[in-house]
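Please load the model in the viewer and display it as a cartoon.

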Amino acid sequence: MVERLRARGDEVVVLARSEGVDLVAGNGLDAALAGCDVVIDVTSVVAKKPEEYVAFFGAVARNLQAAGAVAGVRRIITLSIVGIDGLGGAAFAHYEGKNAQEAATEAGPVPTVILRATQFHGFAGQLIDWVAKAGVLPCPKQPVQTVDVDAVADELVALAGAEFEGDRVRVDIAGPEKQLLADLVRRTAQARGQKLRVLPVWLPGEAGRKVRGGALQAPPGALIAGGTFDEWLAREYAGTD
Ligand SMILES: NC(=O)c1ccc[n+]([C@@H]2O[C@H](COP(=O)([O-])OP(=O)(O)OC[C@H]3O[C@@H](n4cnc5c(N)ncnc54)[C@H](OP(=O)(O)O)[C@@H]3O)[C@@H](O)[C@H]2O)c1
C-alpha cells in the first residue's frame, strides 16, 4: 500500500512501532499526523489473552480519531473483516476486537470508510504459523472466499483518493472463489514443502454455525477483486521446492 501510494506521488507517513509510533500509547501521534489528509488503519495484533483484542483495536481507533480530528484529517479508512458483526457476542476474540475497532472508528468526529475484506489468500499460512504444533493443525471446517492482498491494497489506495457523499461509508471486498479453509491450508503446506496433518474441527455454538454456513464469504454487493488462490500461491512460493 505504501509503495503504491508513493508510486502515484502521495507523501506517506508510516505509523508503526518499527517507525517509532505506538498507536496504543499514542505517543508522537499528533506530530506524525500534522498535515495528513487521509489515515489508513491496517494495524493488527496477535494477543495472548482474548480481552487484549478489544483493548488494542479500540485504543488504536480512538487515538487515530482524536489525533486525526486535531490534525484536520479529511477521512479515516479502516481495514476490517467481512461478516464479523453478524456472529454475535464474544464468538471469536479477534473479531470482537475488530467490532470494537469499527464502532470506535465510526463513533469519532472524522468521516470514515470501513473496507471489510474476506481472509487474505495468505491466511491459511498465517493459521499454520499461529496454531500448528508438532506437524498437526486443528483447522475449522469452514468455507472461505479469500482475496489477494494486492487487490485489497489497490482498493485501499483507490479509497484514499476518492470523494464520498456520506460520513460513514462501508465497502466489502472478496476474492473470486468459494473454497474450504482446510483445502487452502493443505495446498499452502504443500507449496511450502511442509509436512502437516490437518485435523478438521467444528467451531462451537451459533457463531460456528453461521461461519460454517458462509458468514465470512462475500455478502451481496461485495466488490469481487484480484486473482485466484492458485495464482497467488504460484507467485508467493515461486522457486520453493
Ligand atoms: N490476515 C487476513 O487474512 C485479514 C483479512 C481481512 C482483514 N485483515 C485485516 O488487515 C489488517 C492487517 O492484518 P495483517 O494480518 O496483515 O497484520 P500484520 O501483518 O500483523 O500487520 C500489523 C501491523 O500493525 C502494526 N502494529 C501492531 N501494533 C502496533 C502498535 N501498537 N502501534 C502501531 N502499529 C502497530 C505492525 O507494525 P509494528 O509491529 O512495526 O508496530 C504491522 O505493520 C488487520 O486490520 C486485519 O484485521 C486481515
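Which elements each supply at least two residues of the lining of the second largest pocket? They are helix 1 (2–7), strand 1 and helix 3; helices (H or I, at least four residues) and strands (E, at least two) are DSSP runs, numbered from the N terminus. The model is predicted, so local features need pLDDT of at least 70 and side-chain atom pairs pLDDT 80 or more, whereas totals for chains, interfaces and linings use all residues. Residues are numbered from 1 along each chain, and side-chain values use heavy atoms, without hydrogens and water.

Select V13, V14, L15, V39 and I40, the closest to the centre of this pocket among its 34 lining residues. A pocket is an open set of points on a 1 Å grid over the protein atoms alone, where a 1.4 Å probe fits, with protein on both sides within 12 Å along at least five of seven lines; lining residues have an atom within 4 Å of a point. Strand 1 gives the largest share of the lining, 4 residues.

Next, select the open sheet of 5 strands, which has the order 1-2-3-6-9 with parallel pairing (at least two DSSP bridges between two strands). Strand 1 (38–41) and strand 9 (223–224) stand at the edges with a single partner strand each, so one side of each lacks a neighbour in the sheet.

Move to strand 3 (residues 112–117) and strand 6 (residues 168–174), which run parallel and are joined by 6 bridges. Select R116, whose bridge partner in strand 6 is D172.
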